[in-house]
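Hi,

Here is the structure I said I'd pass on. Have a look at it first, and then read my notes below.

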Amino acid sequence: MSKKILVVGGGGREHAIIKALKKSPDCGEVWCAPGNGGIGYDAHCVNIKATDVETMVGFAETEKFDYVVVAQDDPLALGMVDALAAVGIPAFGPDKAAARIEASKVFSKDLMKKYGIPTAKYETFDDPAKVMEYIKAEGKYPVVVKADGLALGKGVLICENEEQAAEGVKEIMLDKKFGASGNHVVVEEFLTGPEVSVLSFTDGKVVKPMVSSMDHKRANDHDTGLNTGGMGTVAPNPYYTPAIAAECMEKIFLPTIKAMNAEGCPFKGCLYFGLMLTPDGPKVIEYNCRFGDPETQVVLPLLESDLLKVMTACTEGTLADTEVRFSDGAAACVILASGGYPVAYEKGKPITGLVDGQLPDEPNVTVYHSGTAITEDGQLVTNGGRVLGVTATAPGLPRAISIAYEAAEHIHFDKLHKRTDIGMRALKALAEKE
């Protein structure tokens, strides 16, 4: 019986989820809200804000969706899954109580402290003066200062000295640069080591990790420039060995699921573990309560199992009996961004080189649309900071990276900006292993 599905969100991650869902034999009509121009090639888009829970749930009821995938963090934190459940529509994603694992840094850090899950040493504060007292007393730099709430991955400051820390605390707590999420801050020790993203499927009982990945957060080559939502990704992450994976399962993944159950807020959906492989072993940098972006764009192309089946099993609590298999190949995603991102950039630049949103004659390349729109006369144009994600799959990482970059050369728009070193760190790690 084919299912009518709604995906909530409108970026590259949602496009990757839709492309993967469409491979399922049980997938019928697919809708996306709000979606974007390029997603419109793969799904019916309807312009409802992802955060407008009431309208979205009303739409889902009217249209009689069989299943809803809530892919974005804000609607999860606002309780969209709870609201859908209340009208009898099953959904993929955690309920409001469980989404706090991402929506509140204080909740997640306290959870890790209470249940002995390895993470950076930290304290939480709501008084700016006390923050500085603590930072001075610790006397360790760099130090990390984080706004408590959802700040689109941007509310994290790494301060190299006391002066920068004081400035950062002023920005977050007094100037309220990140709004109300700056009422509370977390001050954390600075960890070193390779970073790994591990997305995992969970039904609140078992955890089935996806293939590991490596994000590239900084705007420019050699990890310079401002922090962004992510300029590219590769999978698998060569630093994440089978031995480390086993250690993470035992000390981090399962303990987190058990901790959430013990707190009375079982987590179902996609739990994202942002890890740092420190000299003292793997530690959690952050949890996300949903698929990462642009990690999803390299992880889902390697999924060989039926995504709809796996998601439904997470919702229904039957993940133990459901196969989650990934190919042993590799994937690389290069983000094509608007010049000036992540600060100020222009929109509406015509995009050339694509046919129906994709590159013709490139069987191993998928173009995921993050910020595109289609004008009244049918022209595909830029409509965001991150515009497109060009993803290539191949048997090995070196090939995947070169195919992605070759493919990206065929796509053009005015002021296009991309990094030229996506995956280089991973290749270096592979070379050191051999």
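**Where helix 1 meets helix 11**

Let's start with a contact between two helices: Ile17, Ala20 and Leu21 of helix 1 touch Leu307, Leu308 and Met311 of helix 11. Sorted by class, this contact has six nonpolar residues, with no polar and no charged ones. One thing to keep in mind as you read on is that this is a predicted model.

How are the two helices arranged? Helix 1 covers residues 12–21, and it packs against helix 11 at an angle of about 105°, with the axes 8 Å apart. Angles of 65 to 115 degrees count as roughly perpendicular, so helix 1 and helix 11 are roughly perpendicular to each other.

**More on helix 11**

Is helix 11 mostly enclosed or mostly open? Eight of its ten residues (307–316) are buried, so the rest of the structure largely encloses this helix. The buried ones are Leu307, Leu308, Val310, Met311, Thr312, Ala313, Cys314 and Thr315. By the way, "buried" here means under 20% relative accessible area.

Take a look at the two ends as well. After the helix comes Gly317, which has a positive phi, near 80°.

**Another pair of helices**

Now find helix 5 (residues 96–103) and helix 6 (residues 105–115), which pack at an angle of about 90° with their axes 6 Å apart. That angle makes helix 5 roughly perpendicular to helix 6. On the helix 5 side, the contact is made by Arg100, Ile101, Glu102 and Ala103, and on the helix 6 side by Lys105, Phe107, Ser108 and Leu111. What classes of residue does this contact have? It divides into four nonpolar, one polar and three charged residues.

Thr278 sits in strand 16, which runs over residues 269–278. Is Thr278 buried or exposed? With a relative accessible area of 10%, Thr278 is buried. The side chain of Thr278 reaches the backbone oxygen of Gly281 at 2.7 Å. If you leave aside neighbours within four places in sequence, Thr278 is in contact with Leu191, Thr192 and Lys283.

Gly35 is in a loop, the one between strand 2 (27–34) and strand 3 (44–45). Gly35 is buried too, as its relative accessible area is 14%. Again leaving aside neighbours within four places in sequence, Gly35 is in contact with Gly9, Gly10 and Cys45.

**Zooming out**

How many helices and strands does the whole protein have? There are 13 helices and 23 strands. The radius of gyration is 21 Å, close to the 22 Å that the globule rule gives for 434 residues, so the protein is as compact as a globular protein of that length. Along the principal axes, the C-alpha atoms fill a box of roughly 60 × 45 × 45 Å.

Of the 434 residues, 55% are buried. As for contacts with a separation of 6 or more, 67% of them are between residues 24 or more positions apart.

Notes
Residues are numbered from 1 along each chain as its sequence is written. This is a predicted model: local features need pLDDT of at least 70, side-chain atom pairs count only at pLDDT 80 or more; totals for chains, interfaces and linings use all residues. Side-chain values use heavy atoms; hydrogens and water are left out. Buried means under 20% relative accessible area, exposed over 50%, partly exposed in between (1.4 Å probe, protein chains only). Helices (H or I, at least four residues) and strands (E, at least two) are DSSP runs, numbered from the N terminus. Axes are lines fitted to C-alpha atoms, for helices over the stretch in contact, and angles run from 0 to 180 degrees between N-to-C directions. Angles under 35 degrees count as roughly parallel, over 145 as roughly antiparallel, 65 to 115 as roughly perpendicular and the rest as oblique. Contact means heavy atoms within 4.5 Å. Ala, Val, Leu, Ile, Met, Phe, Trp, Tyr, Cys and Pro count as nonpolar, Asp, Glu, Lys and Arg as charged, and the others, Gly among them, as polar. The radius of gyration is taken over C-alpha atoms; the globule rule is 2.2 Å times the number of residues to the power 0.38. A polar contact is a pair of N or O atoms within 3.5 Å; within protein, one must be able to donate a hydrogen and the other to accept it, and residues adjacent in sequence count only if both atoms are side-chain atoms.
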